[in-house]
Amino acid sequence: MKITHVRAIPVKGRHWPRFPMVFVEVGTDEGVVGIGEALAFQTTGVVQSVETVGEWLLGENPLQIERLWERCFRRGAELSALSGIEIALWDIAGQVAGMPIYQLLGGACHDRIRVYADGFFRGATPTPESYREKAAAAVAQGFTALKLDVDDFLTPGVRKVLIRCHGDALGRGITNAEVRRVEESVAAIREHLGPEVDLALDCHWAFDLPGALRLGRALEPYHLMWFEDPIPSGNLAALARLASELSVPICIGEALCTRFQFREVFERGAASIIMPDVARAGGILEMKKIAAMADTYYIPVAPHDMVGPIATAASLHVCASIPNFLILEHQMNDVPWRDELTDEPLVVRDGQMELPTRPGLGVRLNYAAVEKYRAE
Ligand code: MG
């Protein structure tokens with residue numbers, strides 16, 4: 001079997017033109033077609049990267065996944081593109097074997113995949129009442145875990161405008177008023193929903209060390225599932241200090257790639273939970289390796305999953321196959337066409353997702369919908 005084409009298919013997502021869904025298609029001379037997805041902040045770069053790496057792979061045997069990945073990695077392949085292609089190669093392997101991918105990874109350690117609701121607050125005003133109401137609606141749908149974004153509680157005008165850039169003034173501090181606003185909403189949700197619903201807070205790398213310590217300490221009474229990216233990941237010693245000084249678990253890793261970047265996180269004790277993204281960290285097998293390394297430090301894995309349904313399907317296979325899986329991200333209130341993009345929607349029931357049962361990824365792209373929402 002030989003690879004005959006590799007192409008990227010960008011589709012509009014909820015923050016278009018940011019965060020497109022970039023699907024990757026790998027074709028073979030035997031007619032088997034694999035689908036993957038690459039996580040990207042903008043379309044152009046990753047589409048070009050998929051084309052570049054795709055050219056390296058023409059004529060190769062798609063079943064030699066580890067060998068092809070390693071060769072592309074050593075040639076300096078962009079990691080989102082390589083992740084998307086690697087997922088498509090696993091889809092091909094699963095179809096050839098007639099088995100779901102998780103079966104090829106050693107079988108399922110978990111029969112259903114617990115997910116948390118991110119974006120449950122979309123449409124809310126940043127007040128305790130509004131957040132409490134939206135959180136209750138998510139729990140009524142069956143979710144047992146929710147994640148808030150800190151961004152909405154930061155003072156308008158100095159709110160961060162870009163990821164890793166905390167507002168026009170570039171300050172990373174947090175005011176007492178901002179700490180209080182976050183705390184009031186977390187407290188309102190906790191009080192209303194009781195002690196058993198898991199809550200996480202995503203800070204998108206917004207703060208400096210004293211600000212993160214202050215906010216983290218204010219939130220300690222609410223027993224968060226995790227405190228995500230409170231400071232940038234550029235200094236793991238600073239993260240290790242935060243992790244040692246706060247009782248709330250620190251979670252990082254959505255922007256980190258490969259086992260090599262995660263190694264230092266583990267060695268330095270920079271996080272208690274990691275959240276690699278299969279569509280960016282290197283793909284399915286790289287996620288397995290990262291998770292195995294994490295397990296030797298008794299660190300659980302809560303994969304990041306932000307954009308399209310193919311990345312979700314790939315995440316399900318990874319989550320099923322790793323013993324130290326914690327919980328998977330799920331976007332509530334996403335674009336209405338997300339479910340149209342696959343032949344079968346990936347359904348959340350009672351806060352959990354079923355494993356795909358068909359060979360490969362277990363979902364196929366619906367090309368009519370892909371064309372309809374295609375991004376150029
Ligand atoms: Mg995040």
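Residues are numbered from 1 along each chain as its sequence is written, and side-chain values use heavy atoms, leaving out hydrogens and water. Because the model is predicted, local features need pLDDT of at least 70 and side-chain atom pairs count only at pLDDT 80 or more, while totals for chains, interfaces and linings use all residues.

Start at the magnesium ion. D202 (OD), E228 (OE) and E254 (OE) coordinate the ion at 2.0 to 2.2 Å. Donors here are N, O and S atoms within 2.8 Å of the metal (3.2 Å for Na, K and Ca); water is not among the atoms, so sites may look incomplete. Along the sequence, the donor residues follow the spacing D-x25-E-x25-E. E228 sits in strand 7 (residues 226-228), and E254 sits in the loop between strand 8 (250-252) and helix 9 (258-268), so this pair ties together parts that are 26 residues apart in sequence. Helices (H or I, at least four residues) and strands (E, at least two) are DSSP runs, numbered from the N terminus. Both E228 and E254 are buried. Buried means under 20% relative accessible area, exposed over 50%, and partly exposed in between (1.4 Å probe, protein chains only).

Two loop residues come next. D229 lies in the loop between strand 7 and helix 8 (236-245). D229 is not a glycine, yet has a positive phi of about 45 degrees. Its relative accessibility is 1%, so D229 counts as buried. H204 belongs to the loop between strand 6 (198-202) and helix 7 (209-219). H204 also has a positive phi without being a glycine, at about 50 degrees. With a relative accessible area of 13%, H204 is buried.

Now follow helix 9 to its partner. The axes of helix 9 and helix 10 (residues 284-295) come within 9 Å and cross at roughly 15 degrees. Axes are lines fitted to C-alpha atoms, for helices over the stretch in contact, and angles run from 0 to 180 degrees between N-to-C directions. From helix 9, T258, R259, F262, R263 and F266 meet E286, K289, I290, M293 and A294 of helix 10. Contact means heavy atoms within 4.5 Å. By class, this contact has 5 nonpolar, 1 polar and 4 charged residues.

E286 is buried, with a relative accessible area of 2%. Setting aside neighbours within four places in sequence, E286 contacts W69, T258, R259 and A281.

Turn to strand 12 (residues 352-354), which holds M353. M353 has 2% relative accessibility and so counts as buried. Its C-alpha atom is separated by 5.7 Å from that of R112, 241 residues apart along the chain. Not counting residues up to four places away in sequence, M353 touches R112, I113, V115, T312, L316, L346, V347 and V348.

The last stop is a proline. P17 is found in the loop between strand 1 (3-11) and strand 2 (21-28). The peptide bond from W16 to P17 is cis, with omega near 10 degrees.

How values were computed: Ala, Val, Leu, Ile, Met, Phe, Trp, Tyr, Cys and Pro count as nonpolar, Asp, Glu, Lys and Arg as charged, and the others, Gly among them, as polar.
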